[in-house]
Amino acid sequence: MKIFKFFIKRIFLKRWILSISMILLLFAANYLTFTVARSILSTFQGYQEMGNMDQEGIYIANLDPDSETNFDRITEKETQKVYDYLNSNFNYALYTDGFIISLPNNDDMEISLNYMNEEFYNLNQFELSQGTKLDFDYQFNKDEIPVLIGKGLSKTYPVGSTIKITDPVVEQPITLKVQGVLKQNAHHSNFYALNSKTYYNFSIFFPVNETFIKHANIDFHVNGLMDIIILQSTKERTVDLSEYIQKNLGLKFNFYSQKENNDFFKDYYLNSLKIISMITLILLVIITCLSIWNTLISIRLMLKDFTINLLIGLSYSKLRKILYSYFGILFFINLIVIFLITAYNRYGFWLKKDTFFATYGLFGLIGIDWLALLVVILFDIIIGMIIVQNMVRKIKKIPISLGVLQ
C-alpha cells in the first residue's frame with residue numbers, strides 16, 4: 001500500500017496538469033465509445049424491427065421535402081376521396097401517432113394516442129405482457145373500442161378495464177376497453193433513422209378500420225398519409241398513387257422501399273460513425289502517449305525515491321500490478337460518471353414528463369445502455385493492457401542504478 005501511495009502521489013500525480021488532462025481525455029474516449037456502442041446496438045434493433053418492411057412489393061410514403069405544400073387548402077372531402085381510392089385499389093398499412101391527451105395515471109404523464117389499421121398491426125405484431133391481441137372487428141359508435149396500452153398505464157388501467165375519453169381524432173366522447181398491455185419499453189424505430197426510437201410506455205393503441213377513418217378529422221387523414229405503407233404493389237403503381245394524391249391534395253409523395261430507406265440511413269450514419277471513430281482513435285493515441293510520457297518524466301524526476309523502492313522489494317510484476325490498479329481506478333471512476341450521466345438523462349425524461357422517451361430499467365438504464373457499458377469495460381481492458389505493457393517496457397530502459405533491475 002505504501003508503494004502504491006508513493007506511485008500515486010509522487011509519480012502519477014507529480015505533474016497534475018498532465019494527469020488531469022489525461023483523465024479528461026480518457027473520459028472523452030470512454031464516453032464516445034459508449035455513445036457509438038449504444039447507437040450501433042439501437043441501430044441493430046432498428047434493422048431487426050424493419051425486417052418485415054424490407055420485402056419486395058412494400059413501399060413507404062415520404063413527403064417530398066422540395067414540394068410546395070399548402071395544408072390550409074386541403075378539405076376533409078378531398079382527403080376522404082384519397083382514402084376511398086386507397087381502399088379500392090391498394091392494400092395498405094396505416095399508422096399515425098402524436099395525438100396527446102391528459103388522462104389520470106400514477107406517473108402524471110400525458111398520453112400519446114396511436115392509431116393503426118390491421119395490416120400495420122399484422123406487419124409489426126407488438127409483443128404483449130398481458131391480455132390478448134387487438135381486435136379490429138368492432139362497430140364504431142356502438143361497441144367499446146378495444147385498445148392496447150403501454151406498461152406505464154397498466155397499474156391504473158388493468159386488462160378488462162374501461163377508459164372514457166374525448167378522442168381528438170373523431171372529436172367525440174368514446175369508451176375504450178383495455179385488451180392487452182404492451183411489453184415494457186415497447187418501441188418503434190424511425191423508418192429513416194434506425195437508431196432513433198419512440199417508446200410506448202405511456203401510449204394507447206387504437207384499432208383503425210374503414211368506418212373509423214370515415215369519422216376521423218382532416219388532421220388524422222393527412223398524418224396517416226405521411227408514412228402510409230403500400231403492400232403487395234409495384235413502383236409503377238405507387239407513382240400513379242403519388243400523382244393521384246398530388247392532384248387531389250397538392251401534396252407530392254415519394255414512395256420508397258425500406259431497402260432504399262436503409263441505404264439513405266447508411267449514407268449519413270456511416271459517415272458520422274467514421275468521424276466519431278476517428279476522433280476516438282486519435283484520443284486513444286494521445287492518451288497512450290501522454291500516459292507513458294507523464295509516467296516516465298515523473299520517474300526520472302523521482303529517480304532516487306524510485307530506486308530506493310526497487311531496492312526494498314519492488315519488482316516488475318509488482319510495478320505492473322500497481323499500474324493496472326491505477327488505471328483500473330481511473331476506468332472505474334469513468335464508468336461511474338458515464339453511468340450517472342446516462343441514468344440522469346433517462347430520469348430527465350421522467351422529470352420533463354416526456355411521453356415518448358420515458359423508459360423503465362435497472363437503476364434507470366435500459367438494455368442497450370448496459371450492453372454499451374459492457375463494451376466500454378472491454379474497451380478499457382484492452383486500452384489498459386496496451387498502456388501498461390508499453391509503460392513497463394519503457395521503464396525497463398531507464399538506467400536506474402547498477403544492475404538493480406537485474
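Analyst: Two strands are taken to pair if DSSP finds at least two bridges between them. The model under discussion is a predicted one.

User: With that settled, in which sense do β6 and β8 pair, and over how many bridges?
Analyst: Strand β6 pairs with strand β8 (residues 172–182) in the parallel sense, over five bridges. Within this pairing, leucine 148 stands opposite glycine 180 of β8.

User: How does β6 run relative to β11?
Analyst: β6 and β11 (residues 203–208) run antiparallel and are joined by two bridges. Leucine 148 takes part here too, with phenylalanine 205 as its bridge partner in β11.

User: Which residues of β6 are buried on each side?
Analyst: On one side, Ile145, Val147 and Ile149 are buried; on the other, Pro146 and Leu148 are buried. Both faces of β6 are therefore covered, a residue being called buried under 20% relative accessible area. In total, five of the five residues in this strand (residues 145–149) are buried.

User: Let us step back. How many helices and strands are there in the protein?
Analyst: The protein has 11 helices and 13 strands. It comprises 406 residues, of which 48% are buried.

User: And what share of the contacts joins residues at least 24 apart?
Analyst: The share is 79%, taken among contacts between residues at least 6 apart in sequence. As for the surface, the protein exposes about 20300 Å², and carbon and sulfur atoms supply 58% of that area.

User: On to the four-strand sheet. What is its strand order?
Analyst: The order is β2-β12-β1-β13, in an open sheet with antiparallel pairing. β2 (91–93) and β13 (253–256) each have a single partner strand, so they stand at the edges and one side of each lacks a neighbour in the sheet. On average, neighbouring strands of this sheet are turned by 30 degrees against each other, direction ignored.

User: Over how many bridges does β2 pair with β12?
Analyst: Three bridges join β2 to β12 (residues 229–231), in the antiparallel sense. Asparagine 91 has leucine 231 of β12 as its bridge partner.

User: Which helix lies across β1 and β13?
Analyst: That is helix α6 (residues 218–226), which runs at about 120 degrees to β1 (59–63).

User: Where is aspartate 66, and is this residue buried or exposed?
Analyst: Aspartate 66 is in the loop between β1 and α3 (76–89). Its relative accessibility is 72%, so it counts as exposed. Although aspartate 66 and lysine 252 are 186 residues apart in sequence, their C-alpha atoms are 8.9 Å apart in space.

User: Changing topic: which residues lie nearest the centre of the largest pocket?
Analyst: Glu49, Glu127, Asn185, Ala186 and His187 lie nearest its centre, out of 19 residues that line the pocket. The elements that give two or more residues to this lining are α2 (16–49), α4 (118–124), β9 (187–189) and α11 (367–396). The largest share, three residues, comes from α2. About 520 Å³ of space lies in the pocket.

User: What is the phi of asparagine 185?
Analyst: Phi of asparagine 185 is near 60 degrees, a positive value in a residue other than glycine. Asparagine 185 is in the loop between β8 and β9 and, at 13% relative accessibility, counts as buried.

User: And what can be said of phenylalanine 363?
Analyst: Phenylalanine 363 likewise has a positive phi, about 55 degrees, although it is not a glycine. This residue is in the loop between α10 (316–351) and α11. Its 62% relative accessibility is over the 50% cut-off, so phenylalanine 363 counts as exposed.

User: Finally, the helices. What does threonine 43 touch?
Analyst: Threonine 43, in helix α2, touches Leu194, Asn195, Phe265 and Tyr269, not counting residues up to four places away in sequence. Its relative accessibility is 5%, so threonine 43 counts as buried.

User: Is asparagine 261 buried or exposed?
Analyst: Asparagine 261 counts as buried, at 3% relative accessibility. Asparagine 261 lies in helix α8 (residues 258–301). Not counting residues up to four places away in sequence, asparagine 261 touches Ile60, Phe191, Tyr192 and Tyr256.

Notes
Residues numbered from 1 in each chain as written. Predicted model: local features only at pLDDT ≥ 70, side-chain atom pairs only at ≥ 80, totals over all residues. Heavy atoms only, no water. Buried < 20%, exposed > 50% of the residue type's maximum accessible area, 1.4 Å probe, protein only. Contact = heavy atoms within 4.5 Å. Areas by Shrake-Rupley, 256 points an atom, 1.4 Å probe, with all protein chains shown as cover. Axes fitted to C-alpha atoms, helices over the stretch in contact; angles between N-to-C directions. 1 Å grid on protein atoms, 1.4 Å probe; cavity = no way out; pocket = protein on both sides within 12 Å on 5 of 7 lines; lining within 4 Å. Points joined across faces, edges and corners; volume = space filled by probe spheres on them.
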